[in-house]
Amino acid sequence: MRYELFYWPTVQGRGEFVRLALEDAGADYVDVARLPEGSGGGEAALLQWMHDPPVGHPSFAPPFLKAGRRLIGQTANILLFLGPRLGLAPRDETGRLWTHQLQLTFSDLVAEIHDSHHPIAGSLYYEDQRDEAKRRSASLRRERLPKYLGYFERVLADNARGRQRCLVGSAVTHADLSLFQVIAGLRYAFPRAMRRLEPSLPLCVALHERIGARPRIASYLASTRRIPFNNDGIFRRYPELDA
Ligand SMILES: N[C@@H](CCC(=O)N[C@@H](CS)C(=O)NCC(=O)O)C(=O)O
């Protein structure tokens, strides 16, 4: 199966959670919008498949994935589909639902991280909502990040009682890859806040290191396929928001 991923071509964004799963599994995939327009790629292809897909089931927003005749949108939904196929989800239903629940929690966290720099509207410039962004990111740093990351630390600690070193069961799932990405992104966007927070998150930090050292992930991170963090994505570095 050759998967086709549709996502904005110049940012990691939400597409990165899917890319990491495909990369970790060594899956055959093409990042359609990063291909030249002449080869059927570019944003034009993304927009066409979003608004008028010949197979139906249009997505409201990227990322979405084409797998055969299926077109699947919503990050957590894509990973629910890919997880068992890529060996990144438990086989049993209870385990799959638990992994999906964690993935949906990452979706909530990602939305809050996005809103920390665009609290009023995604269609407005950051500079037009900087004051509100300062207030919102203060709340993110002081309340929401400790609460979310503390939750994932607790999930890891519960699983560690059974001597496991990942979020779910005994093997790496897409939820672990997403925790890796969230820590990497937060370190980029809020380096000072993360330096303060990380001593209380030893299991999250250790998991981040282990995932980053997985051979396929390490080679992906070193490749040009990994788009560098930048101030157009979800994780943006505005020093004034990292007080
Ligand atoms: N809940 C969706 C959110 C998708 C989403 O917000 N995509 C962004 C890029 S990361 C987008 O292009 N949004 C356009 C819009 O909301 O109009 C998911 O998790 O995939």
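In the predicted model, the buried residues of helix H5 are Ala 133, Arg 136, Ser 137, Leu 140, Arg 141, Leu 145, Leu 149, Phe 152, Val 155 and Leu 156. Helix H5 itself spans residues 130-160 and bends by about 45° at Leu 140; Leu 140 is also one of the buried residues of this helix. An α-helix has 3.6 residues a turn, so residues three or four places apart point the same way. The cover over the buried residues of H5 includes helix H4 (93-117), helix H6, helix H7 (191-197) and helix H8 (202-213).

Packed helices are described by the angle between their axes and the distance between the axes. For H4 and H6, the axes come within 9 Å and cross at roughly 20°. An angle under 35 degrees counts as roughly parallel, and H4 is therefore roughly parallel to H6. The crossing of this pair is left-handed. On the H4 side, the contact is made by Thr 99, Leu 102, Gln 103, Phe 106 and Leu 109, and on the H6 side by His 174, Ala 175, Ser 178 and Val 182. By class, the residues of the contact of H4 with H6 comprise five nonpolar and four polar, with no charged residue.

Helix H6 (residues 174-189) also packs against helix H1 (residues 15-24), at an angle of about 125° and with the two axes 9 Å apart. H1 and H6 are therefore oblique to each other. Their crossing is right-handed, whereas that of H4 and H6 is left-handed. From H1, the residues Glu 16, Phe 17, Leu 20, Ala 21 and Asp 24 meet His 174, Leu 177, Ser 178 and Gln 181 of H6. The residues of the contact of H1 with H6 divide into four nonpolar, three polar and two charged.

Between Thr 105 and Lys 66 the separation is 39 residues in sequence and 24 Å in space, taken from C-alpha to C-alpha.

Conventions:
Residues are numbered from 1 along each chain as its sequence is written. This is a predicted model: local features need pLDDT of at least 70, side-chain atom pairs count only at pLDDT 80 or more; totals for chains, interfaces and linings use all residues. Axes are lines fitted to C-alpha atoms, for helices over the stretch in contact, and angles run from 0 to 180 degrees between N-to-C directions. Helices (H or I, at least four residues) and strands (E, at least two) are DSSP runs, numbered from the N terminus. Angles under 35 degrees count as roughly parallel, over 145 as roughly antiparallel, 65 to 115 as roughly perpendicular and the rest as oblique. A crossing is left-handed if the near helix is turned anticlockwise from the far one by less than a right angle, and right-handed if clockwise. Two residues are in contact if their C-beta atoms, placed from the backbone, lie within 7 Å. Ala, Val, Leu, Ile, Met, Phe, Trp, Tyr, Cys and Pro count as nonpolar, Asp, Glu, Lys and Arg as charged, and the others, Gly among them, as polar. The bend at a residue is the angle between axes fitted to the seven residues ending there and the seven starting there. A residue is buried if 20 or more other C-beta atoms lie within 10 Å of its own, exposed if 12 or fewer, and partly exposed in between; C-beta atoms are placed from the backbone.
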